[in-house]
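Good morning, and thank you for coming. Please look at the sequence and the model on the screen while I speak.

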Amino acid sequence: MTILPAQCRAARALIDLSQKELAELAGVSWRTILSFESEQRQPIRATMAALQRALETAGVEFTNGDQPGVRLAKKRNPKRP
């Protein structure tokens, strides 16, 4: 599954996570998040997997189908290990 830029933005909003915080959790640069969410470029597959994994670990569930989206799967503080 590939997440969309809008899903990434929505996921961060659900768990109150900044772009810089997501970058740190995923082990990627802040510019990578910025350019992906602003639809300037599509990161490589490994980076996308790292983003999705970080968000899912923080409690986000990605939904697909006719209308891709996100929802809060579990309440967790992503800023604490």
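A word on the source comes first. This is a predicted model, in which local features need pLDDT of at least 70 and side-chain atom pairs count only at pLDDT 80 or more, while totals for chains, interfaces and linings use all residues. Residues are numbered from 1 along each chain as its sequence is written, and side-chain values use heavy atoms, with hydrogens and water left out.

Let us begin with the overall plan. The protein chain has four helices and two strands; helices (H or I, at least four residues) and strands (E, at least two) are DSSP runs, numbered from the N terminus. In sequence order, the pattern of the protein chain is α-α-α-α-β-β.

How much of the protein chain counts as buried? Of its 81 residues, the share is 40%. Here buried means under 20% relative accessible area, exposed over 50%, and partly exposed in between, with a 1.4 Å probe and protein chains only. The accessible surface of the protein chain is about 5100 Å², and carbon and sulfur atoms hold 48% of that surface. Such areas come from the Shrake-Rupley method with a 1.4 Å probe; for residues, only the protein chains shown count as cover.

I turn now to contacts, where contact means heavy atoms within 4.5 Å. Taking contacts in the protein chain between residues at least 6 apart in sequence, 51% join residues at least 24 apart.

Next come the helices. Two packed helices are described by the angle between their axes and the distance between the axes. In this model, the axes of helix 2 (residues 19–26) and helix 4 (residues 45–57) come within 9 Å and cross at roughly 105 degrees. Therefore helix 2 is roughly perpendicular to helix 4, a term for angles of 65 to 115 degrees, whereas under 35 counts as roughly parallel, over 145 as roughly antiparallel and the rest as oblique. The axes are lines fitted to C-alpha atoms, for helices over the stretch in contact, and the angles run from 0 to 180 degrees between N-to-C directions.

Which residues make this contact? Helix 2 supplies Leu22, Leu25 and Ala26, and helix 4 supplies Ala50, Leu51, Ala54 and Leu55. By class, the residues in the contact of helix 2 with helix 4 are seven nonpolar, no polar and no charged. Ala, Val, Leu, Ile, Met, Phe, Trp, Tyr, Cys and Pro count as nonpolar, Asp, Glu, Lys and Arg as charged, and the others, Gly among them, as polar.

Glutamate 24 is in helix 2, and glutamate 24 counts as exposed because its relative accessibility is 68%. Lysine 20 also lies in helix 2 and is exposed, at 54%. Threonine 47, by contrast, sits in helix 4 and counts as buried, because its relative accessibility is 15%. Apart from neighbours within four places in sequence, threonine 47 is in contact with Val28 and Thr32. In helix 1 we find proline 5, which is buried at 13%. Leaving aside neighbours within four places in sequence, proline 5 is in contact with Phe36, Glu37 and Glu39.

Two loop residues call for a remark on backbone angles. Most residues other than glycine have a negative phi. Aspartate 16, in the loop between helix 1 (5–14) and helix 2, has a positive phi near 55 degrees. Glutamate 39, in the loop between helix 3 (30–37) and helix 4, has a positive phi near 60 degrees. Aspartate 16 is exposed at 58% relative accessibility, and glutamate 39 is exposed at 58%.

Finally, the strands. In a regular strand the side chains alternate between the two faces of the sheet. Phenylalanine 62 counts as buried because its relative accessibility is 9%. Where is the partner strand? Strand 2 (residues 69–72) runs antiparallel to strand 1, joined by four bridges; two strands pair if DSSP finds at least two bridges between them. Valine 60 has leucine 72 of strand 2 as its bridge partner.
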